[in-house]
Amino acid sequence: MTDVPEPSLSDAFHVFDTTLRDGAQREGINLTVADKLTIARHLDDYGVGFIEGGWPGADPRDTEFFQRARAEIDFKHAQLVAFGATRKAGVRVEDDPQVTALLESGAPVVTLVAKSHVRHVELALRTTPEENLAMVRDTVAYLRAQGRRVFLDCEHFFDGYALDPAYAKEVVRTASEAGADVVVLCDTNGGMLPAQVSAVVRTVLADTGARLGIHAQDDTGCAVANTLAAVDAGATHVQCTANGYGERVGNSNLFPVVAALELKYGRRVLPPGKLAETTRISHAVAEVVNLTPSTHQPYVGVSAFAHKAGLHASAIKVDPDLYQHIDPALVGNSMRMLVSDMAGRASIELKGKELGFDLSGDRELVGRVVARVKERELAGYTYEAADASFELLLREEVEGRPRRYFEVESWRAIVEDRPDGTHANEATVKLWAKGERLVATAEGNGPVHALDRALRVALERIYPQLAGLELVDYKVRILEGRLGTGSTTRVLVSTSDGQGEWSTVGVAENVIAASWQALDDAYAYGLLRAGVEPQE
């Protein structure tokens, strides 16, 4: 057996993470063993009590994960959990290779999945309700005798309870009497609502006396609410996944559940100081699974504390708590002011303060900025999605001149259609920078890529800081479809310097011209971030 870390929190309440097992069943997630080890480290660093690593013996990667986790991870907070099934019908528990694999995993805790829906027992397991109870009793007792802590997941519990409440409760009672520390009621199909969950948990708790947990799927969009409803009804063990990953539409999301327990219920479920790591851990896990973090995810999304309307901004200027349910810093997030055609003076002042400018004493300047934003957004620009372009606009008004690092003489992009069906994309730029005339030509995968490369060729000798910039995203939107190919086009470009990302916007009737504007702003902002002074 692996060493068990000393618990940093009371065992009276469990935060149990199943990202590596249930979360990995999400469509589009394919975790390597190295991925699982990385995520396990993140979750342990966050401070969850239990990390379910997978099903050893059933999946070779999970078997390898447990071997490597024991050797490579020094768990500070979490205990590693192996997942598996009760013994097979008609097989002695000592002879069941699946149960043996659970022991060989070395995990100090085992979660067993069992049927609690009588029709599943008869149709899926093809055995009797009495034998199913014996399978539960034998496997729990055997693993306990081998020194393992045991949790039992009652699969399809709520649907089984609706069909035959007496049998569903008997499964719970049998597991608890055999030595299961927690019996988890699973909404496997995700069809329950909070009031239903609360009523069932209260009844089962009163009738069996077992310690209960909750595992909720999100098919009704209520997984987090169902989890908290179960806690209200007496459950003391919550099973969740990072960012709500999971089969179909997902599982109960770890981060809003933990934040609600700590901030709304006043229940400490993480080690001190770890709640402020919530946003970082959420995004780190998203990076490992290669899924873009949801911008509108509660607590951790970049838009979770973003304010756009002028009415909101006016109130926030007086007191941020007037339009925010918590201080975003508590979960490692931050408030953002979005600048758009809905912006009023308060929005601009707050955004300016965010960028380091005190605009409160200059009503004329603020008025000019508001007017420019509204005028340009009417033309198709969007500054709520292009903070870098807005900062350049604001600096132009504050400093009284555009922040220019080069002047454009001309540019052109050519797409050549060749007889063999391929295309050649070439761009030429003619610029002036620091008194020099610069001419450069480059090829690319497309005309915008060719322009980007030509700009680099022309400018990198004078501005070597540009070598570290990378275009990481490019979006095009047609704004006036009624004009067909002559419609106004908006381009959003996201750029990175390896330390951070920023977005810029361009608008024109020509998609290449719009792209040029966005690239121009992207390069100017990159040089601004690098501390380069603009040319006179």
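In which helix do Glu64 and Arg68 both lie, and how many residues apart are they? Both belong to helix 2 (residues 60–72) and are four residues apart, about one turn of the helix; helices (H or I, at least four residues) and strands (E, at least two) are DSSP runs, numbered from the N terminus. The model is predicted: local features need pLDDT of at least 70, side-chain atom pairs count only at pLDDT 80 or more, and totals for chains, interfaces and linings use all residues. Residues are numbered from 1 along each chain as its sequence is written, and side-chain values use heavy atoms, leaving out hydrogens and water.

**View 1. Salt bridge between Glu64 and Arg68.** The N-to-O distance is 3.7 Å; a salt bridge is a side-chain nitrogen of Lys or Arg within 4 Å of a carboxyl oxygen of Asp or Glu. Glu64 is partly exposed at 34% relative accessible area (buried, under 20%; exposed, over 50%; partly exposed, in between; 1.4 Å probe, protein chains only). Arg68 is also partly exposed, at 28%.

**View 2. Salt bridge between Glu397 and Arg368.** The closest N and O atoms are 2.8 Å apart. Because Glu397 lies in helix 15 (residues 387–399) and Arg368 in helix 14 (residues 363–378), the pair ties together parts that are 29 residues apart in sequence. Glu397 is buried at 15% relative accessibility, whereas Arg368 is partly exposed at 34%.

**View 3. Salt bridge between Glu460 and Arg456.** The two side chains meet at 3.9 Å, N to O. Glu460 is partly exposed, with 29% relative accessible area, and Arg456 is buried at 14%.
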